[in-house]
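Let's walk through this one by asking a few things and working out the answers.

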Amino acid sequence: MTATRTAVKEDGFMVIDRLTASLQSLGTPEFGNEKAQAGAVGPALLCPVIPEDWGVAAEAAAAQGCRWAAGWGEARGESWVVNALLEKSGDYLLLRTVLPPGRTGLPSHTPHFPGAARPERHTRDLLGLKFTGHPDDRRWVRHQAWGEREFPLRPDFPLSGQPPAVTAPDRSYGFASAHGPEVNEIPVGPVHAGIIEPGHFRFLALGETVLNLEERLGYVHKGIEKLAEGRDPEGLARLAGRVSGDTTVGHAWAACQAMECAAGVAPPERALWLRAIFIERERVANHLNDIGAICNDTAFAFGHYQFSRLRELWLRDNLRWFGHRLLMDRIVPGGVAVDLPAEATSAMPGAMAALRSELEELKPILDESTIFQDRVVGAGVLPERIVRELGCLGYVARACGIGRDVRERAPHAPYDRLGVKAVTRSDGDVAARLYVRYEELFASLDIIDQCLQRIEPGPLRTAWRTPPANAEGLGLVEGWRGEIATHVRFDGSGSIVRFFPRDPSVFNWPALEKLILGNIVPDFPLCNKSVNGSYSGHDL
Amino acid sequence: MDWLLALIQAVLFTLLAPLFSGWLKWVKCLLQNRRPPPPWQPYRDLRKLFGKRPVVADTASWLFPVTPYVVFCAAALSGAIVPFFAVDLPTAAIADMIVLVGFFALGRFFLALAGMDVGTAFGGMGSSREMTIASLAEPAMLMAIFTLALTASTTNISVAIDYLLDTGLALRPSFLFALGGLLLVAVAETGRIPIDNPATHLELTMIHEAMILEYSGRHLALIEWAGQIRLMLYGVLIANIFLPWGLAREFTPEALGIGAAAIAAKLGALAVALALAETSVAKMRLFRVQEFLGFAYLLSLLGMLSHIILEV
């Protein structure tokens, strides 16, 4: 990418050297000035480009070392708006292009950002846009229940859908194959022997060693984006809380943050502290669950039941103090729905101290269990290079030494006052992902402690103000799996026209395909659990 | 009379095997802070399965429906030749330890073939893993048994136990080694943690369960039952060879009563020990199994060597 390239300057669209300046400002003090000059969506600098430059822009961003953080499209009248969110050093840049009516082709970002492959297939499937130069033309979330010319996110497609009586079998999906007398093909799922979400895994194995793994997801596609159209803010917050049940607080907060940013509503101070308490409580519950589940996948019954017990006690406290075990629908547009009861203020520090001491007691038991350590250490190693290529998030990235954490890099209120440090490990194996979670448990307990100390009496909700037509917002929150990026746009009457939640699993699922290579087949469940992507959050 | 008693013993063995598994599960549940199902739960499960029609894949050959019966018969017959609460029964005289090992191998041979018969990936994977483990476990087991045979100068289990009861309590280093070897083999052969996890739902990690994934209804019931018999068989073998005291040597009601109480107590204690071990260790990486079974073989071999060096 060179600054000498001269692109056609059309009204409103940025020439490419202007883009380079914007890209170079990411992560520097210049970023604020750029934002003031060029306009912004939430925390992200808005950067319109013409469709012809869409691929070149990605190339320039890749050259600058940006991370491709999300991509989505929407129909606006007869034309199409396509967005790509880029990040570098905690600063975000929103690339946007408008495809004129009748045109559906756009250069793909995948050649420059491998992590963009599935999000682009998602956009292509649901909107019917074409990404030229995309290496994969197979359907992704739009399984055979939709006809060749049916695109569920287009405005003319009915909300109720047009489901066929029987969904056609997905026989034509061409999985990668290998030939040889020793190669086994092992299809697993989408229905599994345990009670988990559906997803298909296709292994190619040489004896027990995995040669290749290919995922086929999309079985839990619920049409979240379509269902959001026309909702009021309250309704959208409820819907966002159901994108992935285990991340209900994270998604609801990201959606509310985006809506508040669009409407210019600032939630009151007390609500912000409470939101932080909720999301950290969600993080603790899920990390406890995952550590227990990793123990279970190695058949280490003692560890499994101890961590399950701790999680259960934690969830019961949620129910007692905040009225819901998973804290669903506790975050609402403009604030929070429940207050911190006096009982919780007095009892929570004690409960957390008890959890801390149990965790400290359990850690040496895990550390000293030889067979358990033998299973987790060195299993499923993810190279740091892959994390950078795919843009992996959360504990998956942090276990490879890349401290991606919104709370540290792009802290929003109230984290800007807390000084969170991302927990990292460098080995990138199952053990690293396990121990990153373990340390984050303690870090989250510390954060809750701080929140409890600093929370002041005050109102819980700011009155909602209907935003102007086309007002849009971006929410960026560190959920327990990693960064959640959510985009919303309103119509003139205060209801939603576009809602796009991007769960961190989108970039962690492809990492699983890489980290399993060279491992043995019976270690897959353990590696999978250590990543624990959300099927529901990915499939939308 | 003897034959009647032998028949009663064989039938009792088969009928009581589910109770042993139930008891083991009950202890494990308590150890893991869970509310246990009653120890007779396996009987309910078997009844339920026997009441269901088996579903057989279109691709299955005659081997698939025949295997459960072969496996069950092999297990029940091996139960008949092991001294349960009395020795010197006529059934014990017609078969020895080599036959016992042969019965185990027969059942496994058919299970492994049936696992591959339908043509699913899991069945083949399970069969391949099972045969890998069996090929390592069988020599270790034979070696442990030969140690006993050398001491008692017979391969007949009943006669050997008789000999041990006659010589009374003697500290034999060879037996300690052989016991260690046989314990490890038993864990591997009955599909317990740390080799295999009988309770897992993770289809990719299964060994024994992967082979029988396609079975349902009464076929599954027979295979499960055979598995329970096999588990108890190893328990009885270990209890009666290494701690033979209490076994009935005359067929009087008192002696038989003592024999029954003794084996119940031994098996009960053995199940507690197994449950403790299973709760406190994790499952090994599959490719560590050969080290585990190599160690079992080493122990058995040391048993035989120490017999030759120290005890002859």
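Q: How many helices and strands does chain A have?
A: This is a predicted model, where local features need pLDDT of at least 70, side-chain atom pairs count only at pLDDT 80 or more, and totals for chains, interfaces and linings use all residues. Residues are numbered from 1 along each chain as its sequence is written, with chains lettered from A and ligands numbered from 1 in the order in which they are written. Helices (H or I, at least four residues) and strands (E, at least two) are DSSP runs, numbered from the N terminus. Counted that way, chain A has 18 helices and 15 strands.

Q: What share of the 540 residues in chain A is buried?
A: Buried here needs 20 or more other C-beta atoms within 10 Å of a residue's own, with C-beta atoms placed from the backbone. In chain A that comes to 52%.

Q: Which element of chain A gives the most to the side that touches chain B?
A: Contact means C-beta atoms, placed from the backbone, within 7 Å, and 28 residues of chain A meet 24 of chain B that way. Elements giving two or more residues include helix 9 (301–322) and helix 17 (524–531) of chain A. The top giver, with 5 residues, is strand 8 of chain A.

Q: Are helix 10 and helix 15 of chain A roughly parallel or roughly antiparallel?
A: Their axes (lines fitted to C-alpha atoms over the stretch in contact, with angles from 0 to 180 degrees between N-to-C directions) come within 11 Å and cross at roughly 160°. Angles over 145 degrees count as roughly antiparallel. Helix 10 and helix 15 of chain A are therefore roughly antiparallel.

Key:
Buried ≥ 20, exposed ≤ 12 C-beta atoms within 10 Å, placed from the backbone. Contact = placed C-beta atoms within 7 Å. Parallel < 35°, antiparallel > 145°, perpendicular 65-115°, else oblique.
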